[in-house]
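What follows is a short report for a reader who is meeting this structure for the first time. Please keep the sequence and the model in view while reading.

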Amino acid sequence: MHLFTLTEPSVSFVQSPHPQEDFSARSSLGDIVAVADGVTLEKNAEGNYPQDSGAAHAARLFCIAAVRAAETAYASFGEENLLGVFRAGNAAVGEYNRTQGRAQDTLDYLGRDFFSATAAFAFCKDRRLYWFSLCDSYVAVFDASRLKFLSPEPWDAMKPVWKALSATDGTERRALIRKEYRNGGRPKGGYGVATGEAGAEQYLNCGSQALEAGDVVVACTDGFEPYLHLPDFFRLLAAPGTQDLVRAYTAARSAEDAERFGAERTLAAIAVA
């Protein structure tokens, strides 16, 4: 198998400086990868975005801890280990929140909120994929001609909520959704992100499946999600010299449509031999 990782900044980075909040980690033991996207923070009272981003730290810590946990279980890894890997990453984010004094009773869910991240994980061994995804980070499997698998879309349960709150002030709406619908705040609906809270587990999608020679496994953050539906893109991933080809392809697509294709994005790809 061959593995590569790639993180690209938003095309608006120069015009609107924003720290990198996507991260990935890979194992030296085998084809184990984690990606995470730090959830966008609120600007301060002066309208500035924090350049030392707590969300960035959360994403990085999640990836490192998840990969290390998978390495610990490497020899006998199975689908039953996936929750433990997620818990390790989530616990690392929770510990970081604690060191920053971010406890439930101190939050206003706007300027002071948990640092958090979306995440995806893939472990390929003996032509079998073990995976999980949380919120809008994704795991996909391609061959040169088609998309064979894509982890579930996370936002279906939130669409009625967004509609019901559409007339609510934007700031008030953001705080309400984070307080009431994130990580099990409501018995139905909602969404999950890694904050250290155990409630995120109920929104974790995970599983395992067989792989074939020629498959390409991708774990990615939401900036790469629009690319997953482009036949040119998954044919590209199956080609030799993939990393340079992907950079050229995404640069061209971002120039054509920055809003759809130009967001910060991270991808880890594993080619199955």
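Strand 9 and strand 10 (residues 265-271) pair in the antiparallel sense over 5 bridges, where two strands are said to pair if DSSP finds at least two bridges between them. Helices (H or I, at least four residues) and strands (E, at least two) are DSSP runs, numbered from the N terminus. The model is a predicted one, in which local features need pLDDT of at least 70 and side-chain atom pairs count only at pLDDT 80 or more, while totals for chains, interfaces and linings use all residues. Residues are numbered from 1 along each chain as its sequence is written, and side-chain values use heavy atoms, with hydrogens and water left out.

**Around strand 9**

**The open sheet and its helices**

An open sheet of 5 strands has the order 2-3-4-5-8, with antiparallel pairing. Its edge strands, each pairing on one side only, are strand 2 (22-26) and strand 8 (205-210), and the twist averages 10 degrees from one strand to the next. Two of the pairings are set out below.

| Pair | Bridges | Residues standing opposite |
|---|---|---|
| Strand 2 and strand 3 | 5 bridges, antiparallel | Ser 24 and Val 35 |
| Strand 5 and strand 8 | 6 bridges, antiparallel | Tyr 130 and Ser 208 |

Helix 1 (residues 54-72) packs on the sheet, touching strand 2, strand 3 (31-38), strand 4 (117-125) and strand 5, and its direction makes about 160 degrees with that of strand 3. Contact here means heavy atoms within 4.5 Å, and axes are lines fitted to C-alpha atoms, for helices over the stretch in contact, with angles running from 0 to 180 degrees between N-to-C directions. Helix 2 (residues 82-99) lies across strand 4, strand 5 and strand 8, running at about 40 degrees to strand 5. Strand 2 and strand 3 form a hairpin with 4 residues between them.

Asn 90 has its place in helix 2, and it counts as buried because its relative accessibility is 4%. Not counting residues up to four places away in sequence, Asn 90 touches Phe 62, Ala 194, Thr 195, Gly 196, Glu 197 and Ala 198.

**The largest pocket**

About 1,100 Å³ of space lies in the largest pocket. Of the 44 residues that line this pocket, the closest to its centre are Glu 21, Gly 38, Val 39, Thr 40 and Leu 41. On a 1 Å grid over the protein atoms alone, a pocket is an open set of points where a 1.4 Å probe fits, with protein on both sides within 12 Å along at least five of seven lines, and lining residues have an atom within 4 Å of a point. Grid points are joined across faces, edges and corners, and the volume is the space filled by probe spheres set on the points. The largest share of the lining, 3 residues, comes from helix 4.

Methods. Buried means under 20% relative accessible area, exposed over 50%, partly exposed in between (1.4 Å probe, protein chains only).
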